[in-house]
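Dear colleague,

I am handing over the structure we spoke about, and I would be glad if you could look through it with the notes below at hand.

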Amino acid sequence: MAAASVAGYESRQTLQNFSVGTMSAKDKPVLYGYFRSSCSWRVRIAFALKGIEYDQFPVNLIKDGGQQLTDQYRKINPMQQVPAVCIDGIIISQSLTIIQYIEETRPGPHLLPQNPKKRAQVRMICDLITSGIQPLQNLHVLQKVGGGKAEWAKHFIERGFQALEQILVQSAGQYCVGDEISMADICLVPQVYNAARFKVDMTPFPTIKKINDTLLEVEAFKASHPSCQPDTPPDLQS
């Protein structure tokens, strides 16, 4: 299991102190993320599944008006979103891009199937979640929606889950696509966590629920869970 240490969290390092030029290919990756960000959680799961040691640099999306909106963080990720990862001397943002880079450059269990048809199914499920569900209920969008944001989020999660359930009935084995954990599973679990936050009734989605319950027993998903991250508030820790 990969170990995640905290870069600058205990030493009070600031974003201003960070320089990509100081990183080498031998250094551990640094994940800029937030404990409850589903996109950050995807990357934590991928690191854990691959057994990659990494440092975490928490970026609080709420404190001080949002630390992701600072000029310092804009230099790391111009979109001012989490996650971003410094790895091999470069910075990569967007969770699926980060995960695919990890898949292409690190050994360990494959996160994409070798079979082209199964690989296409995995990518379809990933896109459905990361493009069709999650962006419509992320923090920035909900802040713009204003009143009724919980109902807004719940509506779009349920709408997406209706489609996802139909797909998984056809593709699932033990996991989203067959019996091997893939990027699809990495995307699924954080989205189900979000669904619970917005009180989505999972009864109409038995396949989603079954796969999620199975994955939550896998150590990589346990270790990366929002309840046990270095920036998790004490009242939300497991």
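This is a predicted model: local features need pLDDT of at least 70, side-chain atom pairs count only at pLDDT 80 or more; totals for chains, interfaces and linings use all residues.

To begin with the charged side chains, the count of salt bridges comes to seven, and three of them are described here. In one of these, the side chains of Asp-88 and Arg-106 meet with 2.9 Å from N to O. Asp-88 sits in the loop between strand E4 (84-87) and strand E5 (90-93), while Arg-106 belongs to the loop between helix H3 (95-105) and helix H4 (116-132), so the pair ties together parts that are 18 residues apart in sequence. Asp-88 has a relative accessibility of 27% and therefore counts as partly exposed.

Another salt bridge, also listed at 2.9 Å from N to O, joins the side chains of Lys-209 and Asp-213; both residues lie in helix H8 (residues 206-215), four residues apart, which is about one turn of the helix. Lys-209 is partly exposed at 41% relative accessibility, and Asp-213 is likewise partly exposed, with a relative accessible area of 36%. A further pair is formed by Lys-222 and Glu-217, whose side chains meet at 4.0 Å, N to O; here Lys-222 is partly exposed at 38%, whereas Glu-217, at 57%, is exposed.

Asp-185 lies in helix H7 (residues 183-197), and, leaving aside neighbours within four places in sequence, Asp-185 is in contact with Tyr-175, Cys-176, Glu-180, Ile-211, Leu-215 and Phe-221.

Turning to the nonpolar side chains, the largest core holds 53 residues, of which Phe-161, Leu-164, Leu-188, Ile-208 and Phe-221 touch the most other members. Two or more residues of this core are given by each of helix H1 (38-50), E4, H3, H4, helix H6 (149-171), H7, H8 and helix H9 (219-223), and the largest share, eight residues, comes from H7. Ile-208 is in contact, once neighbours within four places in sequence are left aside, with Phe-161, Leu-164, Glu-165, Leu-168, Leu-188, Val-192 and Met-202. There is also a second, separate core of 12 residues, among them Phe-57, Leu-61, Tyr-73 and Cys-86.

With best regards

Note on methods:
Residues are numbered from 1 along each chain as its sequence is written. Side-chain values use heavy atoms; hydrogens and water are left out. Buried means under 20% relative accessible area, exposed over 50%, partly exposed in between (1.4 Å probe, protein chains only). Contact means heavy atoms within 4.5 Å. A nonpolar core is a set of buried Ala, Val, Leu, Ile, Met, Phe, Trp, Tyr and Cys residues joined through side-chain atoms within 4.5 Å.
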